[in-house]
Amino acid sequence: MDGNRRYAKKKCLKQAQGHVMGFEKLAETLEWCSDLGITEVTVYAFSIENFKRSKEEVNGLMELARQKFQKLLQEKDMLEKHGVCIHVLGNLSLLPPDVQACVAEAVNMTKNHNRAVLNVCFSYTSREEMCNAMKLVVEGVKLGYIKDSDINEELIEQCLYTGQSPPPDVLIRTSGEIRLSDFLLWQSSYSLLTFMTVLWPDFNRWHLYAGILYYQRHYQVIQQVKNEKAVENAQIQYVSDSRCVQTDFDCDSQKLNIHDLVQQYSTQRQDRIKQFLHFVHQKQAKTLEDVMKFIK
């Protein structure tokens with residue numbers, strides 16, 4: 001959602017008004033996505049880098065966030081009717097306590113909804129997200145939930161803020177900038193990237209259609225690459241599991257079937273990872289609970 005400040009300058013408006021119109025455009029775009037049957041959308045609302053902007057602009061953006069999250073809380077019935085689950089992705093500890101409280105309440109209020117998902121990247125950068133994921137993995141090894149040999153791409157991906165969501169099919173950036181600006185760097189490896197010159201408040205239904213059509217034209221190629229990568233990852237994992245089995249067992253002397261042992265080890269590895277991810281989800285839930293206690 002890039003171009004709010006330039007839009008304001010072009011229209012001789014205050015910067016804050018440009019951001020307000022950007023949020024209004026988001027609401028309109030989500031309606032278009034719903035009409036098209038798109039059930040999950042991820043938006044880049046506020047980067048950690050944005051804290052480097054002027055104090056006046058940052059304070060204005062925080063105030064706007066308060067207003068928008070409070071409005072969401074007032075629309076509880078509408079969110080429940082459409083089954084919208086809200087995830088806020090980022091380092092929420094960097095936000096003012098009252099904004100954290102609004103975020104936590106919105107996430108908690110919609111956590112059981114399952115028909116549509118809105119991921120709001122707020123106080124987010126992809127590099128910070130990957131660092132956080134690695135810290136969780138290291139903690140998991142130290143606490144004995146997982147082994148060093150369990151660490152792979154899939155595990156790290158599940159420890160990202162977006163761990164419960166599939167990678168995006170299409171990534172659209174407005175305003176003419178041809179860069180990702182630290183947004184979903186891991187998740188967009190096999191996404192179709194679309195860069196548009198339109199400023200975000202000017203984004204319309206036809207721009208959305210154009211991005212989707214571009215994706216449809218390249219769908220077969222993208223799926224083929226994804227499938228090839230999945231096969232490659234499965235082969236790499238099998239080799240890794242085989243090496244672990246050969247380290248733990250003397251297969252020749254015990255006359256055991258190496259394939260059966262690999263299958264057994266793979267099942268054990270998946271069980272360890274399942275328990276570890278349960279620990280991660282509990283930890284994330286507790287963070288929200290602690291913020292909710294602050295509200296009360």
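Reply: Happy to! With a relative accessibility of 7%, glutamine 187 counts as buried (buried means under 20% relative accessible area, exposed over 50%, and partly exposed in between, using a 1.4 Å probe and protein chains only). Please keep in mind that this is a predicted model, in which local features need pLDDT of at least 70 and side-chain atom pairs count only at pLDDT 80 or more, while totals for chains, interfaces and linings use all residues. Residues are numbered from 1 along each chain as its sequence is written, and side-chain values use heavy atoms, with hydrogens and water left out.

Glutamine 187 sits in the loop between β4 and β5; strands here are DSSP runs of E with at least two residues, helices are runs of H or I with at least four, and both are numbered from the N terminus. The side chain of glutamine 187 has two polar contacts to describe. One joins it to the side chain of threonine 162 at 2.7 Å, and another joins it to the side chain of glutamate 129 at 3.0 Å. A polar contact is a pair of N or O atoms within 3.5 Å; within protein, one must be able to donate a hydrogen and the other to accept it, and residues adjacent in sequence count only if both atoms are side-chain atoms. Leaving aside residues up to four places away in sequence, glutamine 187 touches Tyr124, Glu129, Leu160, Thr162, Pro167 and Pro168, where contact means heavy atoms within 4.5 Å.

Apart from residues up to four places away in sequence, serine 175 touches Asp2, Gly3, Arg6, Met196, Thr197, Val198 and Leu199. Aspartate 182, again in the loop between β4 and β5, is buried at a relative accessible area of 10%. Its phi is near 65°, a positive value in a residue other than glycine.

Serine 123 belongs to strand β3 and counts as buried, given its 0% relative accessibility. As for the strand as a whole, eight of the nine residues of β3 are buried, leaving it mostly covered.

Where does β3 stand in its sheet? The open sheet has three strands, ordered β1-β3-β2 and paired in parallel. β1 (40-47) and β2 (84-89) are at the edges with a single partner strand each, so one side of each has no neighbour in the sheet. On average, neighbouring strands are turned by 15° against each other, direction ignored. Strands of a sheet pair through backbone hydrogen bonds, either parallel or antiparallel. Here, two strands pair if DSSP finds at least two bridges between them. β1 and β3 run parallel over seven bridges, with tyrosine 44 partnered by cysteine 121 in β3. β2 and β3 (residues 116-124) pair in the parallel sense over six bridges, and isoleucine 86 has leucine 118 in β3 as its bridge partner.

Finally, let's go to the helices. Histidine 218 lies in the loop between α8 and α9 and counts as partly exposed, as its relative accessibility is 28%. Its C-alpha atom is 8.0 Å from that of leucine 192, 26 residues apart along the chain. Helix α8 (residues 205-217) packs against helix α9 (residues 219-248) at an angle of about 60°, with axes 4 Å apart. Axes are lines fitted to C-alpha atoms, for helices over the stretch in contact, and angles run from 0 to 180 degrees between N-to-C directions. α8 and α9 are therefore oblique to each other: angles under 35 degrees count as roughly parallel, over 145 as roughly antiparallel, 65 to 115 as roughly perpendicular and the rest as oblique. Tyr215, Gln216 and Arg217 in α8 meet Tyr219, Ile222 and Gln223 in α9.
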